[in-house]
Amino acid sequence: MNKPLIGAFFAALLLGAGITPAVAAESAQAQESATETATETAPAVKAVTFAGTVALSNCSGSVVRSPDSQPTDPALVLSNGHCLETGFPGPGEVLVDRPSTRTFTLLNASGTGVGTLKASKIAYGTMTDTDLSLYELTSTYEQIETSYGIKALELETAHPVAGTAITVASGYWKRTYSCDIDGFVHQLKEGRWTWKDSVRYTPECQTIGGTSGSPVIDDATGKVVAVNNTGNESGQECTDNNPCEVDENGEVTVREGINYAQQTYNMVPCIGTGNKIDLDREGCGLPKP
């Protein structure tokens, strides 16, 4: 987890941030440094914007839809399981349909906050096999588009491909990071948690605290292929904020300074009629309670 906002007291005062793991807010100095890095590595022409992203109290997120979602369906917000206001779900813990009144600041293309969205419930949340949360909102996609002129980001239905150019768009920091998908990790272990088939970025995506939950967007299609969640900060092996890679043979690899995300294509079949989460639907790849 790209680190919780624990220890980021100054940044929290500046932005009203709470506590979050893996990629959460750090210090003003880290913010400036990451801004410079993102600027240096960003492509000259970039189609990806902040439209549809959101800022949480401690993380980033985005308003998302499946290809079958309807305009009148309650909208969904995607973030990390470790960003839940209820705290980190334990290994094997899965939350479904938990009441929530959490709010999200909706951003436009330039990163300006244009409105506040409110959750009605945590539709799904876990840190088992993946690091994912989905909030159901009190607003429909149609209402959001009518009020703010902003459309939800569409979720990709296919497994991403290595070498794909991507952008991590953080609503918390209002900053983007551009790089490629370097490959995929059989198992990514961090502290008590294990995630499967994780996305590994090339080194250019130096995400920091507060970027947890950011959508990972395919630059070519504009679709969400993953959700940003962690990185190895100091070269430690399999500890909190220092995930390690474990291959099919059990061999462990540590990549200091490399960051990761969790794929979202296997989540799409779990979204049924009316945007309701149905873990029994064919093709649904999310863990059950």
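Is Trp193 buried or exposed? I worked on a predicted model. I noted Trp193 as buried, because its relative accessible area is 5%, below the 20% cut-off.

**Aromatic pairs**

I searched the whole structure and found three aromatic pairs. In one of them, Phe88 and Trp193 are edge-to-face, with 5.7 Å between centres and 65° between planes. I located Phe88 in the loop between β3 and β4 and Trp193 in strand β11, 105 residues apart.

Phe104 belongs to strand β5 and Tyr135 to strand β7, 31 residues apart. I recorded Phe104 as buried at 1% and Tyr135 as buried at 0% relative accessibility.

**Salt bridges**

I counted 11 salt bridges. I followed Arg200 of strand β11 to Asp182 of strand β10, 18 residues apart; their N to O distance is 2.8 Å. Asp182 is partly exposed at 38%, whereas Arg200 is buried at 10%.

I then found Arg200 in a salt bridge with Glu245, the closest N and O atoms being 3.0 Å apart. Glu245 lies in strand β14, so this pair ties together parts 45 residues apart in sequence.

Arg255 sits in the loop between β15 and β16 and is partly exposed at 31%, while Glu245 is buried at 8%.

Lastly, I noted one network of salt bridges with shared partners, joining Asp97, Lys121, Glu136 and Lys276.

Conventions
Residues numbered from 1 in each chain as written. Predicted model: local features only at pLDDT ≥ 70, side-chain atom pairs only at ≥ 80, totals over all residues. Heavy atoms only, no water. Phe/Tyr/Trp six-rings, centres within 6.5 Å; stacked < 30°, edge-to-face > 60°. Helix = DSSP H or I, 4+ residues; strand = E, 2+ residues; numbered from the N terminus. Buried < 20%, exposed > 50% of the residue type's maximum accessible area, 1.4 Å probe, protein only. Salt bridge = Lys/Arg side-chain N within 4 Å of Asp/Glu carboxyl O.
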